[in-house]
Amino acid sequence: MTSIGTGYDLSVSTYSPDGRVFQVEYAQKAVDNSGTAIGLRVKDGVVLAVEKIKHSRLLVPQSNRRIMTAGKHIGVASAGWMSDTRHLVKRARDEAHNYHSVYKADIPAKIIAERMGMYVQAYTLYSSVRPFGVSTILACVDKDGPQLYMVEPSGQFVGYRGCAAGKGKQVAKTEIEKLKLEELTVREAVKEAARIIYAAHDEAKDKLFELELSWVCAESGMLHAHVPQDVLADAIQHAERSLDEDDDDEMEDEDL
Amino acid sequence: MFRNQYDNDASTWSPQGCIFQVDYASEAVKQGTAVVGLKSKTHVVLVAVKRSPSELASYQKKIIRIDDHMGIAVAGLTSDARVLSNYLRTEAMRSKMVYGRALPVGRAVSAIGDKAQTNTQEYGRRPYGVGLLVIGHDDTGPHLYEFSPSGIVSEYYGYSIGARSQSARTNLERNFERFEELSLQELVVQGLRALRDTMPQGKQLDSMNTSIGFVGMDTKMTILDGDGTQPYLDQLDEAEAMDTE
Amino acid sequence: MDPVSLELPHTLRGPQATAGYGPTTRTTQPIVTGTSVVAFKYKDGIMMAADCLASYGSLARFRNENRLMKVNETTVLGVSGDMGDFQHMKHKLEDVMTHEYDMDDGQALGTKSVYKCLSNIMYGRRTNINPLWNSFIVGGVDGGERVLGYVDLYGTTYMADSLATGFGKHLAVPILRRRVEGRADEITEEEAVAIMDDCMRVLLYRDCRAFNKLRRAKVTAQGVEISEPYSLATNWSYAESIVGYGV
């Protein structure tokens, strides 16, 4: 970032001489500093998982949610600023509600992703505002089947089979790429998602964290919901076990 | 003071992905005296140290009632807190008017969180320079939330904000696992113990500068000041005497 | 901008409205209507019934309508009056419940809150001289307590152990007074069904907008159950012997 301090990076309404909008890149930086969020689109549903980093043991577990619901059937997971996330979730709810009141049908994933993208993009245009410091992952099942989209601070929105944002996105992406997503069931995907979040977690940097898991599938009545307690416990157990196995493997490698 | 070119307004990101104006607003919270909040299975308590600008002046109010089931404690710019408490009161009344039910505490803090977020995104505004501890009791039991100038709200078993609040937080972290079973009275005393740790050298908690607030399952939001706090302060002294023995 | 904006007399405002179409008018009569709803408390909860007919004046126009709506896990809504207005209210309530779902904080909106919300909407509409032409009965179990409330197009509200709307006010209420009032805690489900069927049968005989295809709802601690449509056994043979009503 050689343009730091040259004055071309102070406003979203200013391009740098090489055609970049630095304020958007800086907003992206806020996303990259946050706990990891992933989404997996599998054959019978979508799974969202978030690594919720906790700065204190005094925080109440399973409160302070990072995955939220917009209009019953859409799940929103996010990496980045929590207060910006809430703003965007509120917008997503308004969009879902608005669409429903006009068409009396649930808003399709593609449409809400597009509308959210437009909204986020508008905050990259004017010097009077700053871009959102979050990447939001949208999950839902509509008439075309399971859907997964990610909206970035630039306003870019892309459909995915699997996606990741936040600190551990590189590790997470590598792990997701190894999965055969179109063959997995949500039940299996929940476990994989937990494993990936645990793998992406950096013990050295953040000690405390909590896994948040949600899904949209037949079991949740095609609505977005946090997974039941037993499913969550199973997934965590699975994740911890596979993390231990990895450690063992590494130790064996060292022995050799 | 340090200064950089990214810290003039809330609508500019720094290259590291920070918004300095929000960070600075969080500093304003530390200018206020400390408040401590903590909860048991049935009750949730706030304790606070009040400051008086001069010997001839009265003490600055720290705990504000929102509704029968909800109250807040303030650290930072009190006038900003009044804007937020007015808003909370309006929302609480609206919930009663429209649905005939007490506003769920989590939704109340989310509402002020969302309000505060706007101030961190638009040019020509400043973030609220106040931190709040919000306590309340609803269908899902007692709750304690922290509201910060960034618009982030978080739920805690026990927490403290304001000047030297780190000492209180350390105290709470050491003890919070026992809070669940405590009686209201024990909870207040436990809170005062944490609060005492934030007092500067040579200053003591007394009935003039201490404020206590609590709410619970069958207890409406209550605020104690002056003589009302004395019994609890006496118990604090007793408990301390026991400790030293 | 709302993509659906049609220029209809009632959507116009100001001088334009008066010039082109005469003064602005609001609903002055219902169009497609449902008749009575009957509801009462019994031992395990509340029971409610309504038939499946939506009349167009005296024409039995739509004969497979559902006038009992499950609002949430503990609440059911019975409707008489204008079916279009009801559908509007239904969407409103669905929006409220969607919002509640999104909050995801374990604080369900109880029957009393639904009733209060509905009453506020109805009173607000009538105060704006633009009423929704309905009478509603809200029933449910809220925190272990049975709740039964009435609200109509005037925003009038009252709560009782037994309620009815429309013709039911005249024909079912006397029966309910005798058989339910003061006994709500003793009535078994079986007896409740019998009482309900008797009320609906009387309505069927006397109310010319009633229909022999109806649904029954019950709300208990276990939740809401709305039956499939069913018919009552009737006997019209002694109709011939009734004389003196202008025949």
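This tour moves through a predicted model, stopping at annotated segments and at interfaces between chains.

**Annotated segments of chains A and B**

Select residues 8–30 of chain A, which UniProt, in an unreviewed entry, annotates as "domain: Proteasome alpha-type subunits". This span is 39% helix and 0% strand, and its end C-alpha atoms lie 19 Å apart.

Next select residues 6–28 of chain B, where UniProt, again in an unreviewed entry, places the feature "domain: Proteasome alpha-type subunits". Here the chain is 39% helix and 0% strand, with 19 Å between the end C-alpha atoms.

**Chain B against chain A**

Now show chains A and B together and colour the residues in contact, which number 36 on chain B and 34 on chain A. The two chains bury about 3,000 Å² between them, and 54% of that area is on carbon and sulfur atoms.

For the polar part of this interface, look for 18 residue pairs in polar contact, both residues being at pLDDT 80 or more. The elements of chain B that give two or more residues to the side touching chain A are α3 (105–118), β7 (153–155), β8 (158–161) and α4 (165–175). By residue class, the side of chain B that touches chain A divides into 15 nonpolar, 14 polar and 7 charged residues.

There are 2 salt bridges across the interface of chain B and chain A; to see a salt bridge here, display the side chains of B:E177 and A:R57, which meet at 3.7 Å, N to O.

**Chain C against chain B**

Chain C and chain B bury about 950 Å² between them, 43% of it on carbon and sulfur atoms.

Between these chains the count is 3 salt bridges, and a salt bridge to display is that of B:R107 with C:E100, whose side chains meet at 3.0 Å, N to O. There are also 10 residue pairs in polar contact between chain C and chain B, both residues at pLDDT 80 or more.

Methods: Residues are numbered from 1 along each chain as its sequence is written. Chains are lettered from A and ligands numbered from 1 in the order in which they are written. This is a predicted model: local features need pLDDT of at least 70, side-chain atom pairs count only at pLDDT 80 or more; totals for chains, interfaces and linings use all residues. Side-chain values use heavy atoms; hydrogens and water are left out. UniProt positions are given in the numbering used here, feature names are shortened, and annotations may be inferred rather than shown by experiment. Helices (H or I, at least four residues) and strands (E, at least two) are DSSP runs, numbered from the N terminus. Buried area is the accessible area (1.4 Å probe) that two parts lose on being put together, summed over both. A salt bridge is a side-chain nitrogen of Lys or Arg within 4 Å of a carboxyl oxygen of Asp or Glu. A polar contact is a pair of N or O atoms within 3.5 Å; within protein, one must be able to donate a hydrogen and the other to accept it, and residues adjacent in sequence count only if both atoms are side-chain atoms. Contact means heavy atoms within 4.5 Å. Ala, Val, Leu, Ile, Met, Phe, Trp, Tyr, Cys and Pro count as nonpolar, Asp, Glu, Lys and Arg as charged, and the others, Gly among them, as polar.
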